[in-house]
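Dear colleague,

Please find below the structure that I am handing over to you.

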Amino acid sequence: MLTVNNLSVQFGKRILFDEVNTSFTQGNCYGIIGANGAGKSTFLKILAGDIDPTSGRVFLEPGKRMSVLSQDHNKFDEHTVLETVMMGNKVLFAVKTEMDALYADYKDENANRIGELQVEFEEMNGWNAESDAGSMLSNLGIGADMHYTLMADVEGKLKVRVLLAQALFGNPDVLVMDEPTNDLDFETISWLENFLANYENTVIVVSHDRHFLDSVCTHISDIDFSKINHYSGNYTFWYESSQLAARQKAQQNKKAEEKKAELEEFIRRFSANVAKSKQATSRKKMIEKLNLDEIRPSSRRYPAIIFDTEREAGDQILHVEGLAASVDGEILFKNVDLNMAKGDKVVIFSKDSRATTAFYEILNGNQKADAGTFDWGITTNQSYLPNDNSQFFTDGDLNLVDWLRQWVKTEEERDEVYVRGFLGKMIFSGEEALKKCTVLSGGEKVRCMLSRMMMIRANVLMLDEPTNHLDLESITAFNNSLKNFKGSVLFTTHDHEFAQTVANRVLEITPNGVIDRYMTFDEYLDDEKVQELRKKMYI
């Protein structure tokens with residue numbers, strides 16, 4: 001379907017890809033992974049023809065159509081929502097545009113051309129195109145009342161859905177998507193997962209959403225050492241098998257037969273887990289294709305995120321009563337009651353991200369509530385990772401060692417070796433620890449904030465969208481750390497896997513009250529009574 005031949009990409013002295021040869025076949029979904037800066041987005045742009053490689057070529061089978069999820073949210077502002085979706089099939093839209101123009105200025109000499117266009121249009125199922133586009137928009141939560149709205153008048157988060165519908169429209173042979181779940185809610189992501197799991201053509205996707213990759217991918221395409229290697233299976237299989245292979249590589253004295261038996265047992269166990277999940281209905285039953293010989297150690301570096309507590313908290317963690325907040329007269333949430341017990345790990349959830357951020361800001365004394373009270377248990381100490389951390393990185397005189405020193409508690413901790421130890425755990429080693437705090441990327445800032453939280457050693461953690469800007473390696477390490485954390489956690493995330501594996505309780509805050517359930521996140525989303533209640537809460 002799609003072949004890459006001798007592809008090389010070099011920027012100055014930096015080599016991103018070196019003589020890459022690979023192919024993407026029909027019916028498979030490939031999740032492109034790689035460390036930050038490995039070239040994931042660059043590779044997708046090359047496939048789409050937006051940039052040229054230094055050498056080599058990309059070959060798409062003749063007669064096949066590629067569709068790319070647009071990253072330019074303002075590109076179609078002069079078109080209606082429905083037109084924008086139909087433009088996803090460029091050939092069909094060009095035929096329709098020419099035909100409409102000839103009809104608008106009808107002349108007898110154009111009759112033959114109109115007839116040719118009608119035949120072509122019918123062969124592409126063009127007469128059903130508008131209804132197909134409308135149906136796809138409705139599935140993505142964009143009702144018929146918006147279909148003829150100009151894109152310039154559509155809010156940003158809904159534009160993302162329109163552009164997604166555009167990419168999916170017309171059953172493209174190759175679908176290329178860079179971070180398609182960004183700015184989508186859990187329900188829309190679930191719809192997209194189901195759509196792609198049953199999609200019969202080729203999908204190539206970059207995503208930091210592990211649940212999404214696990215739900216849709218038949219293969220993981222790993223960018224490492226300037227090459228791209230395909231591995232059968234989803235992200236979890238790739239991650240766990242590469243970790244196992246790395247452990248085995250370190251076990252020099254272990255016999256080959258024992259290692260082989262261990263790998264085979266791992267595949268059997270993984271196969272059994274997948275057979276019980278939604279993935280069992282995936283279009284390609286990837287388990288049948290898992291190959292023992294493919295398993296290799298990864299060269300990835302995973303940060304060592306370990307949250308210790310200075311002291312153990314008592315039974316009373318947090319009591320919230322009648323809390324309310326609004327912005328410019330618009331109610332964000334009201335009547336929020338919460339009695340948080342020791343060991344609770346609560347995912348704070350809302351359809352409006354302003355509501356969850358306001359909730360954390362109030363609990364941290366940075367914002368005043370409209371009504372209600374909250375009280376922290378006397379044995380608790382809290383640490384907060386805000387959604388916007390810019391206020392922590394304003395002093396251009398501070399390098400990372402001096403920046404982290406601001407939160408030490410003893411003279412012994414002020415020692416540079418001690419501070420560098422914390423930074424080293426977050427992959428700031430050597431000269432990187434002397435970088436100025438004002439020149440950091442978004443992901444580096446979050447890793448610094450995690451170092452700060454580790455140093456504070458709080459027994460209650462508050463995390464507002466903690467996975468924003470982090471790469472897959474950091475997200476995975478962070479997720480594992482929170483599962484093992486002995487204290488209590490309040491967190492908000494768009495990462496489904498994070499929510500499902502960390503939380504034992506869901507608290508949804510709405511303009512009309514609160515829904516509070518001791519259940520996993522998946523159980524919450526699947527509970528019919530909860531869904532009925534949710535509909536009423538947002539009216």
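Helix α16 is mostly covered, with 10 of its 13 residues buried. Please bear in mind that this is a predicted model. The buried residues of α16 are Leu472, Glu473, Ser474, Ile475, Thr476, Ala477, Phe478, Asn479, Ser481 and Leu482. The helix covers residues 472-484, and its end C-alpha atoms lie 19 Å apart; this agrees with the 18 Å that 13 residues should span, because each residue accounts for 1.5 Å. Phe478 also belongs to a cluster, in which ring pairs link it with Phe307, Phe485, Phe491 and Phe498.

**The sheet from β14 to β18**

Six strands make up an open sheet with mixed pairing, in the order β14-β15-β16-β12-β17-β18. Strands β14 (382-385) and β18 are at the edges with a single partner strand each, so one side of each has no neighbour in the sheet. On average, neighbouring strands here are turned by 15° against each other, direction ignored.

Helix α15 (residues 442-456) touches β14 and β15, and its direction makes about 175° with that of β14. Helix α19 (residues 528-537) touches β12 (345-349), β17 and β18, and its direction makes about 165° with that of β18.

At the other end of the strand order, β17 (residues 505-510) and β18 (residues 513-517) pair in the antiparallel sense over five bridges. A hairpin of two residues joins β17 to β18, and Val506 stands opposite Arg517 in β18.

**The sheet from β5 to β9**

A further open sheet has six strands in the order β5-β6-β7-β3-β8-β9, again with mixed pairing. Its edge strands are β5 (66-68) and β9 (227-232), each of which pairs on one side only. Neighbouring strands of this sheet are turned by 20° against each other on average, direction ignored.

Strand β5 pairs with β6 (residues 174-178) in the parallel sense over three bridges, and Met66 stands opposite Val174 in β6. Helix α9 (residues 235-250) packs on this sheet, where it touches β3 (29-33), β8 (219-224) and β9; the direction of α9 makes about 55° with that of β8.

**Helix α7**

Helix α7 (residues 186-197) has 12 residues and reaches 16 Å from its first C-alpha to its last, close to the 16 Å expected at 1.5 Å a residue. Its buried residues are Phe186, Thr188, Ile189, Trp191, Leu192, Glu193, Leu196 and Ala197.

**Aromatic rings**

How many aromatic pairs does a search of the whole structure find? The search finds 24. One of them is formed by Phe24 and Phe43, which are tilted, with 6.2 Å from centre to centre and 45° between the planes. This pair links distant parts of the chain: Phe24 is in strand β2 (residues 14-24) and Phe43 is in helix α1 (residues 40-48), 19 residues apart. Both Phe24 and Phe43 are buried.

Charged side chains also lie over rings in two places listed here. Lys351 is over the face of Tyr538, at 4.8 Å from the ring centre. Arg447 is over the face of Phe428, at 4.6 Å from the ring centre.

With kind regards

Technical notes:
Residues numbered from 1 in each chain as written. Predicted model: local features only at pLDDT ≥ 70, side-chain atom pairs only at ≥ 80, totals over all residues. Heavy atoms only, no water. Phe/Tyr/Trp six-rings, centres within 6.5 Å; stacked < 30°, edge-to-face > 60°. Helix = DSSP H or I, 4+ residues; strand = E, 2+ residues; numbered from the N terminus. Buried < 20%, exposed > 50% of the residue type's maximum accessible area, 1.4 Å probe, protein only. Lys NZ or Arg CZ within 6 Å of the ring centre and 35° of its normal. Expected span 1.5 Å × (residues − 1). Pairing = 2+ DSSP bridges. Axes fitted to C-alpha atoms, helices over the stretch in contact; angles between N-to-C directions. Contact = heavy atoms within 4.5 Å.
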